[in-house]
Structures are given as structure tokens and as C-alpha cells.
Amino acid sequence: MDCLKKVREELERGWTGPNPDCEYGPCHYYGQDCTYCFCPFYPCGDEELGENITTPKGKIWSCMQCHHIHRTPVCKYIASRVKELNITDPEDPRLRGLLNESKDKFMVPGKAIMVVGATSDAGKSIAVAALCRIISRKGYSVTPMKTQNMSLNSMITSDGSEIASIQMLQAKAAQLRHPDHNINPILLKPMKNGMTQVIVNGKHFGDMDVDSYYNEFVPSEGIDAVKKSIGILRKRYEFVIMEGAGSPAEINIYDKDIANMRAAETADADCILIVNVQWGGAFAYALGTIELLPPNDRKRIKGIIFNNLRGDPSSLKDGAKELERLTGVPVLGIIPHIGIPLPREDSLTLGSSDTNDEGKIRICVVKLPKIANFTDLDPLYHENVSVIYTDEPKDMKDADVIIIPGTKDTTDALRWMRSSGMDDAVKAMKGIVPIIGICGGYQIMCGTLNDPLGIEGGVPSSAEGLGLFSATVRWDTGTCKRAVVSGTLAVTGEDMSGYEVHSGETVTDESPLFELRTKDGPVNEGSVRYDEKLFGTYLHGIFDAPAFRRYILKMTGKYVTSEFSDMHYSDVLDDTMDKLADVFERSLNMNVFEKIFMGGGQ
């Protein structure tokens, strides 16, 4: 067998180290040791390292998440013991003993560091991304983690799990190839009437109000999920960079908060407090947060970062010294405002910054209630366009492109469009400019919306959509489709990829927008009327690849190409993460940070 031959060659060759020139690298993480590309222990059956997964060909042993065999100390140890024992046969039973030996010797829990914020929007997410990239560039295996995230921006992992989009971005910063649900074990998606959809381990768990979530879920399934994921990640990675949620000092829910200091205690994490200078009162925020923490949790705060300063860093230095005296916690650095487009997590910031206001093409995005997955539009910020989120019908008249994005509540968003006049404003532009509906936006563009089970609004209902497509949307089963997909753009045949996360199905006789590749053969997806410039799809991420993005922008007659025009957005993000990490490295006291990083601190 060819694999056994490869393993035999590796056993005879001994330790070789990382191979940065490998065309498949990094398979697992940046800086991995590639000595045993063909693992001599496969299939080990060790559930701390891998798991059985179901594929179209049946169950197989998967070690996608195993980093143990790709750590240099482990590889060197195994190579020396193989030589010592003169093992040359991949089926030698003594190899199993070497796996257990190496686990006992090297499989110690990874170091956890948590970034907490003095306020919401303090910059926790970008700080975690920057630290992940800094640590990854040093050659360590590192993963992000947020135990509980409330967001309507979600993505689908390669194993079909739904997690917050920002954790996927942080995983890219950590240079991970196969992130899974453990980096965001609990995702909360706000619904109407005070209810929240709770996603646990990447799957729908239930819909809850605030009381049932905090009083029933958190003390049982919630904390169990958090503890399990923390344990798994600390076994897999050398470093786990955790992100808190909101403020760690919310004393009204402190005993029920599993997103901040309770998670830090479970992971035995040192904490870094980040403060957004732009809000004003930065020193008060920092001091107040630390003072409100109980003594045991206060000891975990090992450093303070001031973030998003527009101006001279020296203006904060005297205050920083006084803060250090008052708290005993060192100020690690002052991060300047970073003038590069970064994905946003909070819909409250939409339209506030980072868009190219001088772009020649004006893209108007309908700002729906419960707007979801607006990160779909992030790639456009790098083009020569202006992206405007609006709830004003008059803005549609000046649009070159109109986008109706996703929403957590399609029928409620449709009612809002009717009451605000946005429905007529959008329909008036049919055939004049491209109109694109994504997920819930696609459903709104259809003719009839049937909800026989009351999934959308709580009671069975039927409504008329905008009627831009001859199509019917039905919510018959209550299930949510979650999948990563690939295929081609029907009109050009160019490759595309994306992901689905939606309830409801659309039955349409319209021409398909995309042709998806599946194990059962080609499948049509979406609706398009080229002559009327109407496009609808359930797929998120459609602007990431150049094909669809370029096709739509060219329709305006104003398209000006740039160095980004032929790039996939993932490559742009990779470059952005390096620039972000560079700014943090220049701005932080790396000597103090590395003490925290290696387990010291003040």
C-alpha cells in the first residue's frame, strides 16, 4: 500500500522538520513540523486526537484537528525512539506505545490568554485576531475562541457547524485550515419578541428568552459546552486566545456570565483588558472595570491595551503611568486607529466608517430590521465603490446597485419595507440597476411567502413578496440548512464558492444564478432575470470570489479595476491580518507581552 510505503520511508528518514515549501502546506497550522506527513499512528482511534466522521463513503477516522504529530518536540522524540528501538515496520505494535509515551511527555494543556473589553466595541475581536497572527508567525499552533457570541453574522465550517463570522476571521488570522465549532461553542442569534435562537456546538439547540437562558441553560448545558470546548482546544493547541463578550464586570449577571471571567477561570487564562480611547473616559473605564472585579478575578488581569487612538500616543503616557500605579497592572501599549477596512460584527456600526466614500459606484444596501450576515458586503469595500446602508426610499434613486441582504426575520422585514416605502422604491429601479437579494433578501424578492407552521412569525401565515421573481418561499419543516458549497456562476461558467445558513426553501421556474457541485450531481441555485437585472440567491460569500463581484460591478458601466479586482477576498484578508499584526507588534511592549505569553506576567 502506497501510504504504508510513505510511512516506512519517514520512519527510516528520521526527523526532517517543517517544510514551508510543501504545495499542500500548511495542512494544519503555520509552522507545523512535517516530518510525519503520513502519520505512523493512523488510525490511532484516540478520541483526544481525532474522531470518527461520516462521509458519503461511510465512516472514516479523521485527524483534521490533531496537531500532536506536527509539533517539533514530539517529532524529534518519536524519531529518536524509533531509531533507538529500530522500528521500520509501520505495523509494528510498538509504535502505539510511542504514541502514548509522547502524549504523556508533551501533551500538556495549552496556554490560554483572554482579551476582555472595558466596553462593547472596545476592539476585542481585532486584538484577538492580531495576537493569533503574531503567535502563529512565531511558529506555534494557536486558535481563537469565544465561548459565547451574540451575532447575526454567522458562517459555516467545513464540518457543517454554524459559528460567528468573526471567529472564522480570527481562525484565518491564526492560519488554521480546519476550524470547528469548539472555537465558538455558543452562538446567540436575536429573534423577535425577546427570544433568542441558541446555537450549541454548531447546531440549533432551541429558542429561549432571557430568563430561561440564564437560569436554566447557562448552569447546565451552557457551562458544560464551554468547559468541554475549552478542554478540547487546550489539548489541541499550544495557545488559545480567548475573546470575552461585552464587559467582564457586569455585576448584575456576574454569577451567570460564562463569556468572561468564569470562562477565564475554567481555562486558567491570563487576561488582557482593552479600552477604546475613542469613547472618551478611557482611564475611568479601565480603572472601573478592574476595581469592580472580585479579587481572585482581578489577579488575572495582566495587562492593559489602549486602542483606536487618533492622535499622538505621548498624550496618554502620563495617564498610563498613573493607571499602572493605581492598579498595579502594566499598560502594554497604545494602538493607533488602523485605517484599513476590517469586518464589522455589530449592525449598529453599519454605514459609520471604512467604506470608500469617494467610490465611483454607489451601492445601496437596504438596512433591514434584524439584518444578518452583512459581512457578505465586506469584499466590496476594497473595490472602487461607496457602500451605503440606508432605510430611506429616496436613496434608491441614486443607486448604481441595490442589495437586499439577509435578515433573521423575513416576514417582519417585508412588512417594514412596505410600511417605509422601501418596497416601491426598490421595485421602481427594476431593469435600471442590478438588484440583488441574498438569503432573506432573496425571499423578499419572491412572489409568495407561505409559512404554514408559523416558523417565521409565530402563527401560520401567507404573504405577498415584492414579486420580482415568479417564485414561492415555503417554511414547511422548521429545519435550518447549513452547508459549505461550491460551483459555477451560470452566466460565465466561472468558479464560485459560498455557504448556506437559512430556513425556508424557494420553488422557482426562473433561470438559476449558480450551478452547484454536489455528490449527486449539478444542482441549480438561485434565480436570475438578466434582462431586468434581478439576482437572487441563498448563498452567502458570493462577493468573495472575483467572478460575481466583477460581473455585477461591470453592469453599472462605471467599473474601474484595481489590484484587488482579480483577487479572492480570503487573500485580501490574509494580507490584512498581517498588517494588523504588524501594527500591534510595533505598538505593544513585546517584552512584557511575551512574559504573559509564556505564562509570567506582572
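Reader: In which loop is Cys439 found?

Author: Cys439 is found in the loop between strand 20 (435–438) and helix 13 (440–445). Helices here are DSSP runs of H or I with at least four residues, strands are runs of E with at least two, and both are numbered from the N terminus. The model is a predicted one, in which local features need pLDDT of at least 70 and side-chain atom pairs count only at pLDDT 80 or more, while totals for chains, interfaces and linings use all residues. Residues are numbered from 1 along each chain as its sequence is written, and side-chain values use heavy atoms, with hydrogens and water left out.

Reader: Why is Cys439 called buried?

Author: Buried means under 20% relative accessible area, exposed means over 50%, and partly exposed lies in between (1.4 Å probe, protein chains only). Cys439 has 8%, which is under 20%, so Cys439 is buried. The phi of Cys439 is near 55°, a positive value in a residue other than glycine.

Reader: Why does Lys299 count as exposed?

Author: Lys299 has 58% relative accessibility, and that is over 50%, so Lys299 counts as exposed. The loop between helix 9 (295–298) and strand 13 (301–309) holds Lys299. Between the C-alpha atoms of Lys299 and Val329, 30 residues apart along the chain, there are 9.2 Å.

Reader: How do you know that Thr472 is in contact with Thr448?

Author: Contact means heavy atoms within 4.5 Å. Thr472 meets that limit with Thr448, Asn450, Glu505, Thr506 and Val507, leaving aside neighbours within four places in sequence. Thr472 lies in strand 23 (residues 471–474). At 26% relative accessibility, Thr472 counts as partly exposed.

Reader: What does Phe548 touch, and why is Phe548 called buried?

Author: Not counting residues up to four places away in sequence, Phe548 touches Ile436, Leu489, Leu513, Phe514, Phe535, Ile542 and Phe543. The relative accessible area of Phe548 is 3%, under the 20% limit, so Phe548 is buried. Phe548 belongs to helix 14 (residues 546–554).

Reader: How do you know that helix 2 is close to its expected reach?

Author: The expected span of a helix is 1.5 Å times one less than its number of residues. Helix 2 (residues 72–85) has 14 residues and reaches 20 Å from its first C-alpha to its last, close to the 20 Å expected. Val74, Cys75, Tyr77, Ile78, Ala79, Arg81 and Val82 are buried in helix 2. Helix 1 (2–13) and helix 3 (94–106) are among the elements that cover these buried residues. Asn86, which follows helix 2, has a positive phi near 55°.

Reader: What makes a set of residues a nonpolar core?

Author: The members are buried Ala, Val, Leu, Ile, Met, Phe, Trp, Tyr and Cys residues joined through side-chain atoms within 4.5 Å. The largest such core has 95 residues, and those with the most contacts inside it are Tyr213, Met242, Leu273, Ile304, Phe306 and Phe584. Another core lies apart from the largest one and has 61 residues, including Val401, Met417, Val528 and Ile552.

Reader: Why is helix 5 said to be largely enclosed?

Author: Eight of the nine residues of helix 5 are buried, so the rest of the structure largely encloses helix 5. The buried ones are Ser165, Ile166, Gln167, Met168, Leu169, Gln170, Ala171 and Ala173. Helix 5 also gives six residues to the lining of the second largest pocket, the largest share.

Reader: What makes a space a pocket?

Author: On a 1 Å grid over the protein atoms alone, a pocket is an open set of points with protein on both sides within 12 Å along at least five of seven lines, whereas a cavity is a set where a 1.4 Å probe fits but cannot get out. Lining residues have an atom within 4 Å of a point. Grid points are joined across faces, edges and corners, and a volume is the space filled by probe spheres set on the points. The second largest pocket has about 1200 Å³ of space. It is lined by 42 residues, and the closest to its centre are Met155, Ile156, Met168, Lys172 and Ser570.
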